[in-house]
Amino acid sequence: MFKAFRNLSKQGILGLNKRNAVYTLGFNQRRFYPFVDDKAQTKTLCSQAGMAVPELYGKIEIERQIRDLPKLLNTHTEFVIKPAHGSGGDGIVVIRGRVKDKYRKANGIILSLDTLQHHISNVLSGMYSLGGAADTALIEYCVNFDPIFESISYQGVPDIRIIVFLGVPVMSMVRLPTRMSDGKANLHQGALGVGVNMATGTTKTAVLLNEIVSEHPDTNNSVTGLVIPNWKDLLTLASQCYDIFKLGYLGVDIVLDRDQGPLLLEVNARPGLNIQIANCSGLLPRLHLVEQSARALTSVQDRIEFAIRQFQS
């Protein structure tokens, strides 16, 4: 056991305990957590900073507002319902169309209005929130993902996770929905995580439930060698989140909409560690290098150029 631990340390792998003790506790002040733990606040701050985010159609905060759901959804055939304080993709419902007075999920399952209202009631009760606290249901624009991902994604919307340390993007991956993940871009539920070259935005190796793979399990197409468009713009968005949210160590999730381009989806103060497997590389050497150089990186442009220069392998 201790030999395995030493081997991981030599490879620069950041473990959960060290992430919590050194990076999330050491570089993320607790008073800033509400800005990222509440997706409604995240959306507001990003909009105020001029960042593009999925449009918020409305929110339901108390039970009696649930009866107004038909009126709220009246002009929308596609939308997403998500808990404001949810995590790990739990509680998110993606609606891709209407069938008379019913709603069709991304996987084709038809839901009644009563089912949607019951789900929102569960959201309000805190069923999906951090710590089980009472929550708010957000209803927002349903992203139409960029066609570049069409051959390597199953039903849902792929997103791009970028780890940012002291404003420097240090590691990234594309999360691709699968049949196993029910069309959600969540690794714990079976989505595919694909490492990305930080200099070029080109996809590399992939991880599926901690196993290295090279093809999407549902489409059988290779996930390597894909160049993500406007990669430098995505790095810039991620770096700017450091200035907006004042968190030293964070994960930034971005989606590519076919009509609106990059949209900032959410920010995470406790990003997962499977990104290291997807990239076949440990985070620790990169984090140490950034910490040594941070004082000289005074602008977003400095941070981006540093990331491209140092983390291109």
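This is a predicted model: local features need pLDDT of at least 70, side-chain atom pairs count only at pLDDT 80 or more; totals for chains, interfaces and linings use all residues.
1. **Helices α2 and α9.** Two packed helices are described by the angle between their axes and the distance between the axes. Helix α2 spans residues 16-27 and helix α9 spans residues 284-293; their axes come within 13 Å and cross at roughly 25°. Angles under 35 degrees count as roughly parallel, and α2 and α9 are therefore roughly parallel to each other. Their crossing is left-handed. On the α2 side the contact is made by Lys18, Tyr23 and Phe27, and on the α9 side by Leu284, Leu287, His288 and Glu291.

2. **What covers α9.** Which residues of α9 are buried? They are Leu284, Arg286, Leu287, Val290 and Ser293. The cover over these buried residues includes α2, strands β7 (159-165), β8 (168-176) and β12 (249-257), and helix α10 (300-310).

3. **Helices α7 and α10.** At what angle do the axes of α7 and α10 cross? The crossing is at roughly 125°, and the axes come within 9 Å. The two helices are therefore oblique to each other, and the crossing of α7 and α10 is right-handed. From α7, the residues Lys232, Leu235, Thr236, Ser239, Gln240, Tyr242 and Asp243 meet Val300, Gln301, Arg303, Ile304 and Ile308 of α10. The residues of this contact divide into five nonpolar, four polar and three charged.

4. **Pro169 in β8.** Pro169 lies in strand β8. Is Pro169 buried or exposed? Its relative accessibility is 0%, so Pro169 counts as buried. Setting aside residues up to four places away in sequence, Pro169 touches Ile162, Ile163, Val164, Met198, Leu235, Ser239, Arg303, Ile304, Ala307 and Phe311. Among these partners, Leu235 and Ser239 belong to the α7 side of the contact described in point 3, and Arg303 and Ile304 to the α10 side. The C-alpha atoms of Pro169 and Asn197 are separated by 11 Å, and these residues are 28 residues apart along the chain.

5. **Val194 in β9.** Val194 has its place in strand β9, which covers residues 192-196. Val194 is buried, with a relative accessible area of 1%. Its contacts, not counting residues up to four places away in sequence, are with Ser172, Met173, Val174, Leu176, Thr203, Lys204, Thr205, Ala206, Val223 and Ala278. One of these, Lys204, is 10 residues apart from Val194 along the chain, and the C-alpha atoms of the pair are separated by 6.4 Å.

6. **His216 in a loop.** Where does His216 lie? The residue is in the loop between β11 (211-213) and α7 (231-245). Because its relative accessibility is 1%, His216 counts as buried. The side chain of His216 reaches the backbone oxygen of Pro177 at 2.9 Å. Leaving out residues up to four places away in sequence, His216 touches Ile152, Ser153, Tyr154, Leu176, Pro177, Thr178, Leu192, Asn221 and Val223. Two of these partners, Leu176 and Val223, are also touched by Val194.

Terms used
Residues are numbered from 1 along each chain as its sequence is written. Side-chain values use heavy atoms; hydrogens and water are left out. Axes are lines fitted to C-alpha atoms, for helices over the stretch in contact, and angles run from 0 to 180 degrees between N-to-C directions. Helices (H or I, at least four residues) and strands (E, at least two) are DSSP runs, numbered from the N terminus. Angles under 35 degrees count as roughly parallel, over 145 as roughly antiparallel, 65 to 115 as roughly perpendicular and the rest as oblique. A crossing is left-handed if the near helix is turned anticlockwise from the far one by less than a right angle, and right-handed if clockwise. Contact means heavy atoms within 4.5 Å. Buried means under 20% relative accessible area, exposed over 50%, partly exposed in between (1.4 Å probe, protein chains only). A polar contact is a pair of N or O atoms within 3.5 Å; within protein, one must be able to donate a hydrogen and the other to accept it, and residues adjacent in sequence count only if both atoms are side-chain atoms. Ala, Val, Leu, Ile, Met, Phe, Trp, Tyr, Cys and Pro count as nonpolar, Asp, Glu, Lys and Arg as charged, and the others, Gly among them, as polar.
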